[in-house]
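Please look through the following chain and its model before reading on. The paragraphs below lead from the overall fold to the core, the surface and the charged pairs.

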Amino acid sequence: MEQTFALLHHFRRLAVRWGRRTELHDAFVSLACSLICWRRLKKAQRERDGSDPRTL
């Protein structure tokens with residue numbers, strides 16, 4: 001759980017909540033979670049295919 005919050009705090013818009021509308025904040029949290037998942041899946045795909053430049 002702590003790692004999830006740490007990842008979410010890398011998004012500046014979520015680190016400090018400037019807006020007052022909760023639905024906008026919730027939308028940005030959902031977007032951030034989607035981006036985190038997409039990046040992890042992309043990384044896993046590269047590692048599985050052997051095309052990760054860090055492993056060469």
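**From fold to side chains**

Of the 56 residues in the chain, 11% count as buried, a term that stands for under 20% relative accessible area, with exposed meaning over 50% and partly exposed what lies in between (1.4 Å probe, protein chains only). The model is a predicted one, in which local features need pLDDT of at least 70 and side-chain atom pairs count only at pLDDT 80 or more, while totals for chains, interfaces and linings use all residues. Residues are numbered from 1 along each chain as its sequence is written, and side-chain values use heavy atoms, with hydrogens and water left out.

The chain contains three helices and zero strands, where helices (H or I, at least four residues) and strands (E, at least two) are DSSP runs numbered from the N terminus; along the sequence this gives the pattern α-α-α. The accessible surface, from the Shrake-Rupley method with a 1.4 Å probe and, for residues, with only the protein chains shown counting as cover, comes to about 5200 Å² for the chain, and 59% of that belongs to carbon and sulfur atoms.

In soluble globular proteins, nonpolar side chains tend to be buried together. Here the largest nonpolar core has five residues, namely Leu8, Phe11, Leu14, Ala32 and Ile36, a core being a set of buried Ala, Val, Leu, Ile, Met, Phe, Trp, Tyr and Cys residues joined through side-chain atoms within 4.5 Å. If neighbours within four places in sequence are left aside, Phe11 is in contact (heavy atoms within 4.5 Å) with Ala32, Leu35, Ile36 and Arg39.

Cys33 is in no disulfide, and the nearest cysteine sulfur, that of Cys37, is 6.6 Å away. Both are partly exposed, Cys33 at 30% relative accessibility and Cys37 at 47%.

Finally, the structure holds two salt bridges, each a side-chain nitrogen of Lys or Arg within 4 Å of a carboxyl oxygen of Asp or Glu. One joins Arg21 to Glu23, with the closest N and O atoms 2.9 Å apart, and Glu23 is partly exposed at 45% relative accessible area. The other links the side chains of Asp49 and Arg48 at 3.7 Å, N to O; Asp49 is partly exposed at 48%, whereas Arg48 is exposed at 63%.

Technical notes. A disulfide is a pair of cysteine sulfur atoms within 2.5 Å.
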